[in-house]
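Dear colleague,

My notes on it follow.

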Amino acid sequence: MNTGDKIDYMIQCLQVAKVECEFLEEYNSKSWETDRRWLCMHRVPNKSLIADNLRNVARMGFQVANEVR
């Protein structure tokens, strides 16, 4: 995997984390007493997905930083 591919991978990981964070905010803003139907039709946000993607970006960032000369 070359440096460009690693940077693209980090961008994709950040995009996944961003979308999941936005979904988490939307999920937390719902009034579940009135929106039970929405809850049955949609998924629950995955906080570990956010954390894992951010860890992947950090790991890959250190690798790319060490490779760049």
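Which backbone nitrogen does the side chain of Glu20 reach? The side chain of Glu20 reaches the backbone nitrogen of Asn46, at 2.7 Å. This falls under polar contacts (a pair of N or O atoms within 3.5 Å; within protein, one must be able to donate a hydrogen and the other to accept it, and residues adjacent in sequence count only if both atoms are side-chain atoms).

The model is a predicted one, in which local features need pLDDT of at least 70 and side-chain atom pairs count only at pLDDT 80 or more, while totals for chains, interfaces and linings use all residues. Residues are numbered from 1 along each chain as its sequence is written, and side-chain values use heavy atoms, with hydrogens and water left out.

Glu20 belongs to helix α1 (helices are DSSP runs of H or I with at least four residues, strands runs of E with at least two, numbered from the N terminus). Glu20 is buried, with a relative accessible area of 3% (buried means under 20% relative accessible area, exposed over 50%, partly exposed in between; 1.4 Å probe, protein chains only). Leaving aside residues up to four places away in sequence, Glu20 touches Arg43, Pro45, Asn46, Leu49 and Ile50 (contact means heavy atoms within 4.5 Å).

Ile50 is also one of the buried residues of α3, together with Asn53, Val57, Met60 and Val64. Seen down the axis of α3, these buried residues fall within an arc of 105 degrees, so they line one face of the helix (the arc is that of the directions from the helix axis to the C-beta atoms). What covers them includes α1 (3-29). On the other side of α3, Lys47, Phe62 and Asn66 are exposed. Helix α3 comprises 21 residues (47-67), which should span 30 Å at 1.5 Å a residue; the end C-alpha atoms are 31 Å apart, in agreement (the expected span is 1.5 Å times one less than the number of residues).

As to the whole chain, there are three helices and zero strands. The radius of gyration is 17 Å, well over the 11 Å that the globule rule gives for 69 residues, so the chain is more spread out than a compact globule (the radius is taken over C-alpha atoms; the rule is 2.2 Å times the number of residues to the power 0.38). The C-alpha atoms fill a box of roughly 55 × 15 × 15 Å along the principal axes. Of the 69 residues, 23% count as buried.

With kind regards
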